[in-house]
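Subject: Structure handed over, with findings

Dear colleague,

Please find the structure below, with the sequence alongside.

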Amino acid sequence: LKAEGLEVDLDLQEVEDVIRVWNLNAYDSALAPIACKVSHSCSPNVTIRVMAEEGYIEALACRHIAKAEPLGTWYFQDTGLWWIGADIRRALFETDRGFLCGCSRCRAPDVCRALPCEACGAGPLLPQGATAGSSSSS
């Protein structure tokens, strides 16, 4: 801001707060007052696309959206996170974005870590997703 000729007296906490708000609400290089309301989902139903030169942001359906289903998009650039277990995904999201994912995929049995049953060899054993007492803000 000083480089722009603005005299601003911010402490470190205020700078961190501004960066956190930007990181949680910006798409590419655009702040999006409506698009930022779309929650994260590990099973997204929309993709957010920034059309910077045209001056708009759009949400495109990437699967069927049921009536009254909340809109959800994948927040992260690293698509490798898509394939890891819910426990690791949720921990990374909490560290990197400040929330513990509570989307339907993270609350469901964890199909990314399914194993055959050693006792009978039948059907996969699925680790459970989030426990009932854990935070579920998305």
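I begin with a strand pair, where methionine 51 stands opposite tyrosine 56 of strand S5. Please bear in mind throughout that this is a predicted model. Strand S5 comprises residues 56–61 and runs antiparallel to strand S4, to which 6 bridges join it. The hairpin that S4 and S5 form has 4 residues between the strands, and glycine 55 there adopts a positive phi near 85°.

As to the overall layout, the chain contains 3 helices and 8 strands. Their order along the sequence is α-β-β-β-β-β-β-α-α-β-β. The chain has 138 residues, of which 28% count as buried. Among contacts with a separation of 6 or more, 43% are between residues 24 or more positions apart.

Salt bridges

The structure holds 2 salt bridges. In general, side chains of opposite charge can pair when their charged atoms come close. Arginine 49 is partly exposed, at a relative accessible area of 39%.

The other salt bridge is between arginine 63 and glutamate 69, whose side chains meet at 2.8 Å, N to O. Both partners count as partly exposed: arginine 63 has a relative accessibility of 34%, and glutamate 69 has one of 24%.

Asparagine 45 and its surroundings

Glutamate 69 also takes part in a polar contact, at 3.1 Å, between its side chain and that of asparagine 45. Where does asparagine 45 lie? Its place is the loop between strand S3 (39–40) and strand S4 (46–51). Asparagine 45 counts as buried because its relative accessibility is 1%, below the 20% cut-off. A polar atom of the asparagine 45 side chain also lies 2.8 Å from the backbone nitrogen of glycine 72. With neighbours within four places in sequence left aside, the residues in contact with asparagine 45 include Leu60, Ala61, Cys62 and Arg63, as well as Pro70, Leu71 and Gly72.

Threonine 73 belongs to strand S6 and is buried, at 4% relative accessibility. The side chain of threonine 73 comes to 3.1 Å from the backbone oxygen of valine 46. Residues up to four places away in sequence aside, threonine 73 touches Tyr27, Val38, Ser39, His40, Ser41, Pro44, Val46, Thr47 and Ile48.

The loop between S5 and strand S6 (72–73) contains alanine 68. Although alanine 68 is not a glycine, its phi is positive, at about 70°. Is alanine 68 buried or exposed? Alanine 68 counts as exposed, with a relative accessibility of 77%.

Helix H2 and what follows

Helix H2 covers residues 86–97, which makes 12 residues. The distance from the first C-alpha of H2 to the last is 15 Å, close to the 16 Å expected at 1.5 Å a residue. The buried residues of this helix are Ala86, Arg89, Arg90, Phe93 and Arg97. Seen down the axis of H2, these buried residues fall within an arc of 95°, so they line one face of the helix. An α-helix has 3.6 residues a turn, so residues three or four places apart point the same way. The cover over the buried residues of H2 includes helix H1 (12–25), S3 and helix H3 (104–107).

Just after H2, glycine 98 has a positive phi of about 80°. Further on, cysteine 103 sits in the loop between H2 and H3. Cysteine 103 counts as buried, at 6% relative accessibility. Apart from neighbours within four places in sequence, the contacts of cysteine 103 are His40, Ser41 and Cys42. Cysteine 103 and arginine 90 are 13 residues apart along the chain, and their C-alpha atoms are separated by 9.9 Å.

Yours sincerely

Key. Residues are numbered from 1 along each chain as its sequence is written. Side-chain values use heavy atoms; hydrogens and water are left out. A salt bridge is a side-chain nitrogen of Lys or Arg within 4 Å of a carboxyl oxygen of Asp or Glu. Buried means under 20% relative accessible area, exposed over 50%, partly exposed in between (1.4 Å probe, protein chains only). Helices (H or I, at least four residues) and strands (E, at least two) are DSSP runs, numbered from the N terminus. A polar contact is a pair of N or O atoms within 3.5 Å; within protein, one must be able to donate a hydrogen and the other to accept it, and residues adjacent in sequence count only if both atoms are side-chain atoms. Contact means heavy atoms within 4.5 Å. The expected span of a helix is 1.5 Å times one less than its number of residues. The arc is that of the directions from the helix axis to the C-beta atoms. Two strands pair if DSSP finds at least two bridges between them.
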